[in-house]
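I opened this notebook page to record what I looked up in the structure shown below.

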Amino acid sequence: MDTPRLPFAFARDQQVLIDGTRLVTGPEAGLAGLREAQRRLARMVPQVEELDRTGFEAALARVYDGGDDGLTRGSESELLFDLEDPPAGSRQRDLLDDAGDAPVIQLVNRLLRRAVMSGASDLHVEPHEKGLRVRMRIDGFLQEIMDRPDLPVRRVVSRLKVMAGLDIAETRLPQDGRIALSLGGRMIDTRVSSLPGHYGERIVLRILDRSAGLMPLGALGLAAAQQALLARMSSLPNGIILATGPTGAGKTTTLYSLLQLAERGERNIVTVEDPIEYDLPGISQSQINADIGMTFAVGLRAVLRQDPDVILVGEIRDPETASVAAQAALTGHLVFSSLHANSAIGAVVRLRDLGIDNFLIAATLRGMVAQRLLRKLCPACRRPHAVSPDASALFTRHLMPAPDTLYEPVGCDACGGSGHAGRVGIFEMVEVGGRLRAAIDQGATETALTQLALGAGETLIGQGLAAAASGQTSLAETLRVVGDVA
């Protein structure tokens with residue numbers, strides 16, 4: 001006999017669900033839900049399990065998702081593509097609550113659900129000459145999940161634009177929007193970008209699981225000495241601390257960790273972000289909205305009138321924001337921000353490029369953190385191999401001892417055949433001391449500053465080689481992400 005099951009929306013709202021022979025309840029379980037569950041279970045005497053909110057939401061997602069994304073089974077070909085109007089109302093949409101939707105809406109929900117359940121950071125919807133291709137980025141790599149010639153491309157794109165609040169009539173200009181979703185109670189925030197192309201609009205969604213929470217510093221891959229340095233930087237009374245790296249390198253996570261270290265009851269901490277990625281208790285967070293003139297520079301100027309001690313600026317993008325941040329640091333505030341630069345010392349060059357004078361950089365800059373994310377080798381199937389002469393020479397060139405053994409990916413069931421499982425961060429950290437400050441003030445080159453600030457093994461390539469030598473990652477992965485640069 002099939003196990004009875006409550007409708008998803010009812011189970012979610014009443015915080016009651018039937019899981020096999022168990023009756024699972026949340027902290028706010030409703031009497032109506034309990035009565036309906038009892039009615040459906042009839043003569044069965046279930047085992048009752050009471051969970052907190054987080055545990056109940058996890059159980060809800062597990063029971064109702066069932067692991068079927070609808071994209072890799074025969075049911076995919078049975079979809080009939082007719083786009084219906086989106087449901088009325090502004091209630092946040094849950095990806096599991098889609099049983100009665102039109103086929104195009106079902107398809108879009110399944111794509112989003114699969115991306116979230118797979119831990120993807122981005123979802124790419126790409127029209128081409130023969131149809132529509134969909135890819136998702138997992139651990140920094142794009143993986144194709146669908147490529148079909150029979151999809152109504154415009155309807156799929158229109159559905160995503162409607163969900164993001166974009167103008168579906170405008171197909172000639174790029175647009176940006178957001179979709180607020182949930183998956184079995186997990187809060188999912190997506191940033192949506194559309195770009196006109198030859199065969200239709202290309203849509204890319206950046207996916208952020210707001211319920212995932214922040215990782216502890218040790219789990220990010222930071223050594224004990226690096227954690228101590230971050231703690232020391234976060235306790236400074238004033239100055240600028242910058243996190244640098246490409247998009248998706250984890251800069252925001254590092255900045256949030258610094259905020260958590262800096263959080264003390266007697267400090268007023270205010271942030272200006274785009275978007276607000278995690279809710280931080282006890283910290284005032286403000287959202288950038290460029291459409292109405294709320295830019296980083298405008299937000300930062302407003303924050304300075306809020307009597308702050310510590311300020312987080314999501315990103316320094318332009319000369320005005322850089323100038324205001326420097327002035328804030330000069331007037332007794334501690335400023336955390338991110339900057340697009342290739343290395344820790346590269347932050348100095350980037351600030352110069354934004355028009356900040358050397359004497360001002362030297363007076364305000366307190367520390368820089370450059371970071372990258374490397375794919376970790378699957379511990380179940382990684383394979384050792386001897387160190388080649390070229391690899392040994394690479395270690396020697398960077399003044400590091402060559403290991404006896406390196407590891408390479410193989411692929412197994414545990415890692416889905418990729419040979420990798422998760423990612424680990426590598427960090428290049430520089431604390432601006434007296435000698436480095438004097439060199440910045442005198443306009444020293446990036447090469448001279450790097451030689452002065454970083455020793456062997458402290459650069460990104462040095463950290464990457466150390467990760468390869470310890471078996472966390474492969475040498476090929478280190479060279480792919482960092483390159484053979486000093």
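I call a residue buried when its relative accessible area is under 20%, exposed when it is over 50%, and partly exposed in between, using a 1.4 Å probe and protein chains only. With that cut-off, 48% of the 486 residues of the chain count as buried. I am working with a predicted model, in which local features need pLDDT of at least 70 and side-chain atom pairs count only at pLDDT 80 or more, while totals for chains, interfaces and linings use all residues. Residues are numbered from 1 along each chain as its sequence is written, and side-chain values use heavy atoms, with hydrogens and water left out.

Overall make-up. I took helices (H or I, at least four residues) and strands (E, at least two) as DSSP runs numbered from the N terminus, and found 16 helices and 19 strands in the chain. Counting a contact as heavy atoms within 4.5 Å, I noted that 63% of the contacts between residues at least 6 apart in sequence join residues at least 24 apart.

Nonpolar cores. I defined a nonpolar core as a set of buried Ala, Val, Leu, Ile, Met, Phe, Trp, Tyr and Cys residues joined through side-chain atoms within 4.5 Å. The largest one holds 55 residues, and Leu242, Leu365, Met368, Ile440 and Leu449 have the most contacts inside it. Helix H9 (residues 319-330) gives this core its largest share, six residues. Another core, of 32 residues, lies apart from it and includes Leu107, Val108, Val156 and Val157.

I then asked which residues leucine 365 is in contact with, leaving aside its neighbours within four places in sequence. They are Ile240, Leu242, Val348, Leu351 and Val432.

Leucine 452. This residue sits in helix H14 (residues 446-453) and is partly exposed, at a relative accessible area of 31%. Not counting residues up to four places away in sequence, leucine 452 touches Arg435, Leu436 and Ala439; its C-alpha atom is separated by 8.8 Å from that of alanine 439, 13 residues apart along the chain.

Cysteines. Taking a disulfide as a pair of cysteine sulfur atoms within 2.5 Å, I searched the whole structure and found zero. Cysteine 412 is in no disulfide, and the nearest cysteine sulfur, that of cysteine 381, is 3.6 Å away. Cysteine 415 counts as buried, at 12% relative accessibility.
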